Amino acid sequence: MEKEILKQEIDSIVSQEGFFLIEFILRGDKKQRIIEVYIDGKEAVTSSVCAELSRIIKDKIESEQLIDSNYRLDVSSPGIERPLKFLEQYHKHINRNFEVHYQAGDEKRKIEGKLIRIDGDKLIFEVKPKSAKVPDEYEINFKDINKAKVLISF
């Protein structure tokens with residue numbers, strides 16, 4: 001029960017500050033709890049944002065005694081290597097390359113392409129076919145995406 005209440009309180013704080021909760025992990029034992037909070041937003045999450053949210057969350061935990069033991073609180077962004085979970089996360093990645101695993105009817109498919117725009121809940125990727133010189137546009141409904149990762153290019 002402690003975990004659900006804590007998660008709800010943290011989710012509320014994160015939302016009020018204009019971000020969204022990507023993942024919440026509570027681990028450890030009664031002597032030392034470890035709270036990991038991963039946040040994201042439509043804009044980049046900076047270290048100062050994480051520090052401010054950490055302070056607000058800590059104040060809430062202590063003022064309402066949500067944890068009755070020692071704890072460590074870590075607030076950070078999920079990092080580029082983690083798959084995106086929410087449609088709102090895609091906006092800041094327009095013009096970046098992706099690997100997308102998605103469902104097309106009964107078939108699972110995968111593409112690599114550049115996200116060129118978002119139209120409602122549809123993501124439009126530019127995919128360059130191997131035999132053609134002109135890229136194709138490929139539209140995928142967000143609800144059909146199983147996993148999507150931003151590809152890091154050097």
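Guide: The model is a predicted one. In general, a pair of packed helices is described by two quantities, the angle between the axes and the distance separating them. Here the pair consists of helix 1, covering residues 2-16, and helix 2, covering residues 47-63. Their axes lie 10 Å apart and form an angle of about 140°. Because of that angle, helix 1 is oblique to helix 2. An angle has to be over 145 degrees to count as roughly antiparallel. As for handedness, the crossing in which helix 1 passes helix 2 is right-handed.

The residues that meet may now be located on each side. Helix 1 contributes Leu6, Glu9, Ile10, Ile13 and Val14. From helix 2 come Leu53, Ile56, Ile57, Lys60 and Ile61. Sorted by class, this contact between helix 1 and helix 2 comprises 8 nonpolar residues and 2 charged ones, with no polar residues. Glu9 of helix 1 and Lys60 of helix 2 belong to the contact, and both residue types count as charged.

How values were computed
Residues numbered from 1 in each chain as written. Predicted model: local features only at pLDDT ≥ 70, side-chain atom pairs only at ≥ 80, totals over all residues. Heavy atoms only, no water. Axes fitted to C-alpha atoms, helices over the stretch in contact; angles between N-to-C directions. Helix = DSSP H or I, 4+ residues; strand = E, 2+ residues; numbered from the N terminus. Parallel < 35°, antiparallel > 145°, perpendicular 65-115°, else oblique. Left-handed = near helix turned anticlockwise from the far one by under 90°. Contact = heavy atoms within 4.5 Å.
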